[in-house]
Amino acid sequence: MGNDKKSLSQALTVRIITSACLLIAFAVFTVAVTAADVRPVGADGTDIGLAGLNTAVRDAVGYSPVLFAVSEYLGYIALAVMAFFAGVGLVRLIRGRSLKAVGSEIWLTGGFYVLLLAVYLLFEKLEINYRPLKLEGELEASYPSSHTVLALCVFLSAALLFAKLLASKPKAAVALQIAMTVLALATVVTRFTSGVHWFTDIIGGVILSALLLSLYSLVGYALGERSAEES
């Protein structure tokens, strides 16, 4: 038991350091996007940071309405995954007739979804960058790519959660983990190649997603360490 507690503590320390490094990386990258090589190269002459890099990638990628539509549908699948776990929590609540019956992993995931919503609303207000092109004739905030953050955070947290929920069925757990990972990657790739985001929007979304997932893992390990101490 002592070795188990030591392993949990070490894993927790690693996740704290990882989260701190990712937070710094995202902050530094965001500052670069807002302050370095800023030029009016966006739609309607909006200022875009790291303009040389962003315009070069935009011109190489172009715009694909088909890939944009595919990325949108993949986003709906991410929302369906969120609804699925909300349903799991509701069923557990009804059957167990107590908040504890829902399970710490479902509560953690629900809190993670609330955090995702808060991050989305925050960057909708900040409007650091606007899209390379107008969709439906309007300028829209595009940094970081909220689609990228949604896909990576929901699908990859689901992969971690399936591993716990289906611990007694390892083959099913692995199959679902692979499926979630493929969906996450497919969403990011199609979103990028659709041309509706600047390259830095995607990179910022990846870094932010890594930070949020690291925090998700950190809290999960903290809960595990607490359980180990109580046992």
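Is Glu105 buried or exposed? Select Glu105: at 18% relative accessibility, the residue counts as buried. Buried means under 20% relative accessible area, exposed over 50%, and partly exposed in between, with a 1.4 Å probe and protein chains only.

Before moving on, two notes on the model. It is predicted: local features need pLDDT of at least 70, side-chain atom pairs count only at pLDDT 80 or more, and totals for chains, interfaces and linings use all residues. Residues are numbered from 1 along each chain as its sequence is written, and side-chain values use heavy atoms, with hydrogens and water left out.

**Stop 1: the partner of Glu105.** Arg92 and Glu105 form a salt bridge, and their closest N and O atoms are 2.7 Å apart. The pair links distant parts of the chain: Arg92 sits in helix H3 and Glu105 in helix H4 (residues 104-126), 13 residues apart. Helices here are DSSP runs (H or I, at least four residues), numbered from the N terminus. A salt bridge requires a side-chain nitrogen of Lys or Arg within 4 Å of a carboxyl oxygen of Asp or Glu. Arg92 is partly exposed, at 26% relative accessibility.

**Stop 2: Glu72 and Arg191.** The structure holds six salt bridges. Another one of them joins Glu72 to Arg191, with the closest N and O atoms 2.8 Å apart. Glu72 lies in helix H3, Arg191 in helix H6 (residues 170-194), and 119 residues separate them. Arg191 is buried, at 3% relative accessible area. Glu72 is partly exposed, at 23%.

**Stop 3: Glu140 and Arg131.** Select both. Their side chains meet in a salt bridge of 2.9 Å, N to O. Arg131 counts as buried at 9% relative accessibility, whereas Glu140 is partly exposed at 27%.

**Stop 4: a nonpolar patch.** Pick Leu90, Leu93, Ile94, Leu99 and Trp107. Together they make a nonpolar surface patch of about 520 Å². Patch members have over 30% relative accessible area and no salt bridge; nonpolar side chains (Val, Leu, Ile, Met, Phe, Trp, Tyr) are joined within 5 Å, like charges within 9 Å. Areas come from the Shrake-Rupley method with a 1.4 Å probe; for residues, only the protein chains shown count as cover. Helix H3 (residues 65-96) supplies the largest share, three residues. Leu90 belongs to that helix and is partly exposed at 49%.

**Stop 5: Thr13.** Go to helix H1 (residues 2-35), where Thr13 is found. Thr13 is partly exposed, at 41% relative accessible area.

Conventions: Helices (H or I, at least four residues) and strands (E, at least two) are DSSP runs, numbered from the N terminus.
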